[in-house]
Amino acid sequence: METTSSSRVGAQTAEAPAPAAEGPEQDAQTTPPRTSASEPAQPQEAGAPVPAGRRTAQGFLAADFPWYGLDGAFTGPRWLMQVGTAADGTVEHGSTGHGDEPSARGEIATGEKERFAVVITVADNPLRRSGDGTGTLEATSVSSAAWLAGSGLLAYSWPGQMDHSLRSDWLDQQTEAAWELADDLAGPDWSTLSLPVDGEPTPFHYRESEFGWVLAGSTGNGVHLGAYGRGMSAYGLGFSVIGDLGAYE
């Protein structure tokens with residue numbers, strides 16, 4: 001089945017916690033099949049992130065591109081999140097966390113303000129044939145990183161006074177809106193922010209909302225970067241290649 005080119009990666013969030021666990025959790029997150037041009041992809045909520053004590057670097061080590069995180073100026077906790085894979089098992093993207101491990105209810109449930117930043121690394125892939133030769137896989141772009149970051153932030157957001165039964169509908173609506181924003185990086189909802197990547201000033205698309213901030217840009221190292229966070233200012237961040245994944249376990 002042939003598919004169309006899109007910046008949305010697998011039509012799923014970067015780190016979307018489910019309201020309740022319904023099955024065994026996995027380290028690697030499989031990308032859902034692409035849809036045809038006549039059946040546009042719709043956002044889906046992914047499985048719950050694996051608890052810190054059970055995360056390993058196995059999925060990250062299978063990637064053929066470098067992983068990024070916050071640079072050495074950040075001295076707080078670091079932790080692995082999940083990787084996203086194509087149907088043939090190829091690692092396409094993944095994310096690493098910094099600071100407090102967020103939860104969907106966050107401040108509403110605990111009364112404490114979470115401080116975290118999640119960095120998403122997306123392999124820079126052109127439009128390409130699928131492994132079985134039956135279709136075309138989606139190309140990735142800066143918009144792919146922006147989409148994953150925007151939907152990831154929403155996954156850890158819970159509007160005040162919202163009933164649990166309504167959150168699923170709200171998340172569907174807001175995730176689709178995040179996709180539309182990611183597909184219009186030149187639009188008025190985005191500004192430009194320069195941050196260091198491997199020590200070099202790099203332009204990023206940046207936006208804020210009541211739930212936190214999102215940014216996306218590209219490196220000279222064959223990957224796109226996305227990031228989202230809350231309680232930590234994006235203006236003081238820097239990114240660098242992760243030399244030792246052990247620092248995140």
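Asp183 is found in the loop between α4 (164–182) and β8 (191–197); helices (H or I, at least four residues) and strands (E, at least two) are DSSP runs, numbered from the N terminus. The model is predicted: local features need pLDDT of at least 70, side-chain atom pairs count only at pLDDT 80 or more, and totals for chains, interfaces and linings use all residues. Residues are numbered from 1 along each chain as its sequence is written, and side-chain values use heavy atoms, with hydrogens and water left out.

Asp198 is not a glycine, yet its phi is positive, about 50°. Most residues other than glycine have a negative phi. With a relative accessibility of 39%, Asp198 counts as partly exposed, a class that lies between buried, under 20% relative accessible area, and exposed, over 50% (1.4 Å probe, protein chains only).

Now the side-chain contacts. The structure holds 1 salt bridge, that is, a side-chain nitrogen of Lys or Arg within 4 Å of a carboxyl oxygen of Asp or Glu. Glu114 and Arg230 form a salt bridge at 3.5 Å, N to O. Glu114 lies in the loop between α2 (107–110) and β5 (116–123) and Arg230 in strand β11 (residues 223–230), so the pair ties together parts that are 116 residues apart in sequence. Both residues, Glu114 and Arg230, are buried.

Finally, the aromatic residues. Phe60, Phe65 and Trp67 form one aromatic cluster; rings of Phe, Tyr and Trp (its six-membered ring) pair if their centres lie within 6.5 Å, and planes under 30 degrees apart count as stacked, over 60 as edge-to-face and the rest as tilted.
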